[in-house]
Amino acid sequence: MSTFSEYAALARQLADQRRETDQDAAAEAGRRRALHTMLDQLTRRLAVQSHRLGQLGHAIGLPADPAPTAGGDRPGTTAPGSSAPGVTDPGPGVSGSGGSGATSSGGTSGTGVVSDGGAAAAPGRPGVGAYPPGALGGAVVALPAAAGVPAPRAGVADPAAELAEARRLADETDRLVQVAEAVARQPPLLPTWSPLARALAVYVGCAAAGVVLMLIMVVAADLAVVGLGALYAATCAGLPVLSFVAGYLVLGRWGRPALGSEQPPRFVPLGFVTCVLLVPLAYCGYLVLSRLMH
């Protein structure tokens, strides 16, 4: 006969188990709240990243992402009322009410095993009991693979580990987005040069192209194809202005970064002086060399 002390010990044990259960439930609830908070933060972060990547794509002229298709058009989905993929239709002759696939007494079941009657074959019939041991000759009945038996479930991933991996990938995405922004904020023409050095190089290059055109006109003037008046006008006014305009347009087209709508510095006075001086000076140098050579 149990004593009062045994009942008290049992009550204390139940109270301790209940307390441990409550603590475990509280810890699990706290863990779930922390996971939900982390998931919300990661969702907002991914939304910001998607918006920023869309801006970068628009800045470099990429087309917008296509609209998502409807749920029925996604691969691996089926229309309502159709059979799910991988599930075989049991076909005629299989009972839909009992789900065991057995037929009447003396018939053949859906699994191909000859049924000899019994409670499974005729439920509720008076005088019919369960199958006695060894009624099927001691044979082990194996269910076929197509009988709809579910496969063993794969191991469930840890949500915390999955969120940590997603956060790591988001950090890597942030780093790559920053690199892409740094590249997009540099002009495609001489990106590592300073604006002043870039402008000077462009104007000098355009002036050099003007000098080449001037030399071609000098040769044409020696061949009496172009008059000296046209040569002097082109050397002193036409080619310098043309070189300056070409450099100005080049800086406006290829000197502007992909991000940012502000106009790049073109250093107009520097460019004009460079082009106006270089072409006539080159012609004067040509004249001096030709005199010295003769």
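Me: Which residues make the nonpolar surface patch of about 760 Å²?
Reply: In this predicted model, that patch is formed by Val241, Val245, Tyr248, Leu249, Val268, Phe272, Val273, Leu277 and Leu281.

Me: And which elements give two or more residues to it?
Reply: Helices α4 and α5 do.

Me: Where does the largest share of the patch come from?
Reply: The largest share comes from α5, which supplies 5 residues.

Me: Let us take Leu281. Which helix does it lie in, and is it buried or exposed?
Reply: Leu281 is part of helix α5. Its relative accessible area is 54%, and the cut-off for an exposed residue is over 50%, so Leu281 counts as exposed.

Me: Back to α4. Which of its residues are buried?
Reply: The buried residues of α4 are Leu231, Ala234, Thr235, Leu239, Pro240, Ser243, Phe244, Gly247, Leu251 and Gly252.

Me: What covers them?
Reply: The cover includes α3, residues 195-222, and α5, residues 268-293.

Me: Where does α4 bend?
Reply: The bend is at Ala234 and comes to about 55°. Ala234 is also one of the buried residues of α4.

Me: How far apart are the ends of α4, and what span should it have?
Reply: Helix α4 covers residues 228-254, and its end C-alpha atoms lie 36 Å apart. With 27 residues at 1.5 Å a residue, the helix should span 39 Å, so the two values agree.

Me: What about α2: how far does it reach from its first C-alpha to its last?
Reply: Helix α2, residues 159-184, reaches 36 Å. That is close to the 38 Å expected for its 26 residues at 1.5 Å a residue.

Me: Which residues of α2 are buried, and what covers them?
Reply: They are Leu163, Ala170, Val177, Glu181 and Ala184. Their cover includes α1, residues 4-59.

Me: Now the whole chain. How many helices and strands does it have?
Reply: The chain has 5 helices and 0 strands. Read from the N terminus, the order of its elements is α-α-α-α-α.

Me: How much of the chain is buried?
Reply: Of the 294 residues in the chain, 18% are buried.

Me: And what does the accessible surface come to?
Reply: The accessible surface of the chain is about 21,000 Å², and 65% of that belongs to carbon and sulfur atoms.

Me: One last topic, contacts. What share is made by residues 24 or more positions apart?
Reply: Among the contacts in the chain with a separation of 6 or more, such residues account for 65%.

How values were computed
Residues numbered from 1 in each chain as written. Predicted model: local features only at pLDDT ≥ 70, side-chain atom pairs only at ≥ 80, totals over all residues. Heavy atoms only, no water. Helix = DSSP H or I, 4+ residues; strand = E, 2+ residues; numbered from the N terminus. Expected span 1.5 Å × (residues − 1). Bend = angle between axes of the 7 residues up to and from the residue. Buried < 20%, exposed > 50% of the residue type's maximum accessible area, 1.4 Å probe, protein only. Contact = heavy atoms within 4.5 Å. Patch = residues over 30% accessible without salt bridge, like charges linked within 9 Å, V, L, I, M, F, W, Y side chains within 5 Å. Areas by Shrake-Rupley, 256 points an atom, 1.4 Å probe, with all protein chains shown as cover. Salt bridge = Lys/Arg side-chain N within 4 Å of Asp/Glu carboxyl O.
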